[in-house]
Amino acid sequence: MSRRLAAAFWFVVPFVGLVVIWAAIVALTGVDRRVFPQVTDVARAFADMWASGELATHVGASLQRIAIGVVAALVTAIPFGFALGISRWAAAFFSPLLRFSVALAGIAWIPLATLWFGTGEQAVIFIVWNAMFFALTYNAMLGVQRIPTELLRAARSLGTTRLRMFSDVMLPGALPSIVTGLRVGLGYGWRGLVAAEIIATNAGIGYSIFLAQRFFRTDVIITGMIIIGVLWLIVDRVLLAPLERRTVERWGMKAVVS
Amino acid sequence: MSVSTDRARPVAGRRRGWKHRLAQNGTVRTLGPFVPVVFLWWLVAELDVFPSAFFVGPATVLAEMADLIYKGILPSYLADSLNRLWNGVLFGMLIGIPAGFVVALSTWARKLTWPLLMFFQAIADIAWLPIVIVWFGFSLTAVTFVIVYTIVFPLMISIVAGVEQVPRDVIRAARSLGAGRFRVFTDVIVPGSLPSVATGIRTGLGYGWRALIAAEIIIGSSGLGFMMFDSRRAGEVTGVFVGMIVLGVLWFALDALVLAPFERSTIERWGMVKTAEVGR
Amino acid sequence: MKTLEISGLHKQFVDSYTDEVVTAVGDVSFAVEQGEFISVLGPSGCGKTTVLNIVAGFEKQTDGSVLVGGREISGPSPERGVVFQSFALFPWKTVLGNVVFGLRMRGVPRQEREPIARQYLDLVGLEGFERKFPHELSGGMQQRLGVARVLANEPEVMLMDEPFASVDAQTRRKLQEDLTGIFESKRPTVFFVTHDVDEAVFLSDRVVVLSSRPSQVNEIVTVPLERPRDWRSVLDDPDFRHTVTHITDLLSGDESRVVQADLDSA
């Protein structure tokens, strides 16, 4: 218990330090608070956004988009990646194309997406899906390719059929790599979401900070940035970390760090 | 005695002629797959599957590209984008590499900064654009700031991971062979963590690249991102296609000519398969 | 009755770097009786693992035939279970899950699986570890699990590919004795590949000694030891020492011939 307390303490200390330094700098240098807001200004902006329900609307809109995008990416990328992982021919053919696409994935598609789907929900979800798809596909492929040959042989000599091979060997075997892909992909997807919201919608956190920039409300901008950071940490701690703990770590298969 | 069905199959070897050699050729293997894709693209455009306001064929795109090059727009925008990227990467590495080693080697620095690192990494770099615009206006400084930001954090985190991956026994071996703390750092820890630095730069560049495009779309007055978004505003899909292809080719070249050789020269040359990659 | 019959086995492959044709297995023929423990022994690189891989159905021979129960084999099958040097356990399945795996694949009803699996876990001394994951077990225990997983499928022949090569020396002795115990009580047919002469003699009824590449059967040595066996008494047994010396001579004679050939060609 005391160890957890100590860990929590050491987690909080740097943030407290940062806030203190921030407050001190603003107070001592007398910088224009419209350019660099004081800690209290940001706290007030947060309280206002919370009270007016604005915060809930924006966060809700963003989370909904990312959720739909993630599910769409998982459903499309995993089967495709597995197909590439199984067939050496398909992997050789698609690998250069994938590498080309990874470079473009996400933000670079915003002009085209808004042209195709107009400005709105569809374009943003397309960007999130697009940002994640290639990283997920690539990692799913690597995951299958990296399952030790002996494990596949063991399964076959225990009488595993093709279909069972997929569900009982390949899926769990590739999971560490898929989780990595999810991490990397979510990183791109998250940035794609923010960028797309700036350009293509009228709700969401990305939109809210850009609206604030137009009105020179730096307090609101910083509130939005903090929320973006906190939301990502929550997604990481609530979604990805437990997934890793329950599967990859429990099974003693170290996660692939990227 | 039953005869194996395999008997009739000649032992490969003589059969492996020019087809085999062609398939082994690196350039063919890399560029070959693009041939059918471009053909498919041409076919879809030719058959008018999508309206031409949304989708144009390779010929149109090539013509536009030639036109933009002739007018000098594409080269100058390209130079602007690359210049911004280079600035960002340079300063990002100048800050990120020393900072990364400090955090990796000093327990105190680690304790005090690690949670902050995680948090700043979590604030998507693009979210800095609005405040950066307020601070620096629509300037090169603003774009550079965002790119530096995207590079520094992945780089620092990778370096910490890399230093941790240096086997303790190798460090002990160096110490017992008479290396002092400084020599252990320069001769063991730095080379040992190089593969991670390479990975970190690659990850950082991946994010930096996207941030650059986003920044140019949002605040740009030149550059590839600006060109694409400007075309989109005018409803000219051809310009958007040109931009995407240039971006893709550029990354491909960067990856093939700079990043991959650097990784190969460290990781593969030393036979250091990243332990994390083995995953078992 | 012959459980496994290997005749005229020949395997060539093309080295993907040099494009040269390499003969891994020259001409190998021998048979394994039902309930017999047979070891294949040979100098390193002589293709003994290739022979096992062909019998397992992982690789295809260039020529020759492999019959199990009188039928030509085709591909991997649970009738020929394999114990790997690297254990090859499923890390995402518990100990019980690993043993049950083969039964599930064969469609054994759910309520029958567990009692069978527990019976084999008891046999290899893993009772009480059912809920653990493989990485939580020691190397020796992992390989016990590898054996239980194959035996639970009741194969015609159990194939073992240097199964104890990656455990420490002390554990290896214990595992060898336990394997002998299991063999003496259950009498499965075992095809065992190793490069350790002591191990081969201690475990086997007969030892197939292969020559170096391209491999041929040099001699099939019958081990004149009584069962049940344990290391204490076997080590004192002159028959054991005699057989080991004989096989070592066969192997080293082969080696010196290779050295001589190298010298001649130089």
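Q: Start with chains A and B. How many residues of each are in contact with the other chain?
A: This is a predicted model. In it, 52 residues of chain A are in contact with 46 residues of chain B.

Q: Which elements of chain A give two or more residues to that side?
A: Those are α1 (2-29), α4, α5 (110-117), α8 (162-200), α9 (205-214) and α10 (218-249) of chain A.

Q: And how do the residues on that side of chain A divide into nonpolar, polar and charged?
A: The side of chain A that touches chain B has 41 nonpolar residues, seven polar and four charged.

Q: What about confidence in chain A?
A: The average pLDDT of chain A is 86, and 98% of the residues score at least 70.

Q: Where in chain A is confidence lowest, and where highest?
A: Helix α4 (residues 88-104) of chain A is lowest, with a mean of 81. Helix α3 (residues 54-86) of chain A is highest, at 91.

Q: Moving to the core. Which residues have the most contacts inside the largest nonpolar core?
A: They are A:Ile127, A:Met132, B:Val146, C:Ala148 and C:Phe191, in a core of 216 residues.

Q: Which helix gives the most to this core?
A: Helix α6 (residues 121-145) of chain A does, with 18 residues.

Q: What is A:Ile127 in contact with, leaving aside neighbours within four places in sequence?
A: A:Ile127 is in contact with A:Gly106, A:Trp109, A:Ile110, A:Ala113, A:Gly192 and A:Ala196.

Q: What does A:Met49 touch beyond its neighbours within four places in sequence?
A: A:Met49 is in contact with A:Glu54, A:Leu55 and A:Thr223. The C-alpha atoms of A:Met49 and A:Gly224 are separated by 9.9 Å, although these residues are 175 residues apart along the chain.

Q: Over to chain B. At what angle do α5 and α8 of chain B pack?
A: Helix α5 (residues 73-105) and helix α8 (residues 140-165) of chain B pack at about 35°, with axes 7 Å apart. The crossing of α5(B) past α8(B) is right-handed. Residues of this contact divide into 22 nonpolar, six polar and one charged.

Q: And how many residues of α9(B) are buried?
A: Zero of the nine residues in helix α9 (residues 168-176) of chain B are buried. After α9(B) comes B:Gly178, with a positive phi near 100°.

Definitions and conventions. Residues are numbered from 1 along each chain as its sequence is written. Chains are lettered from A and ligands numbered from 1 in the order in which they are written. This is a predicted model: local features need pLDDT of at least 70, side-chain atom pairs count only at pLDDT 80 or more; totals for chains, interfaces and linings use all residues. Axes are lines fitted to C-alpha atoms, for helices over the stretch in contact, and angles run from 0 to 180 degrees between N-to-C directions. Helices (H or I, at least four residues) and strands (E, at least two) are DSSP runs, numbered from the N terminus. A crossing is left-handed if the near helix is turned anticlockwise from the far one by less than a right angle, and right-handed if clockwise. Ala, Val, Leu, Ile, Met, Phe, Trp, Tyr, Cys and Pro count as nonpolar, Asp, Glu, Lys and Arg as charged, and the others, Gly among them, as polar. A nonpolar core is a set of buried Ala, Val, Leu, Ile, Met, Phe, Trp, Tyr and Cys residues joined through C-beta atoms within 7 Å. A residue is buried if 20 or more other C-beta atoms lie within 10 Å of its own, exposed if 12 or fewer, and partly exposed in between; C-beta atoms are placed from the backbone. Two residues are in contact if their C-beta atoms, placed from the backbone, lie within 7 Å. pLDDT is the predictor's confidence in each residue, from 0 to 100.
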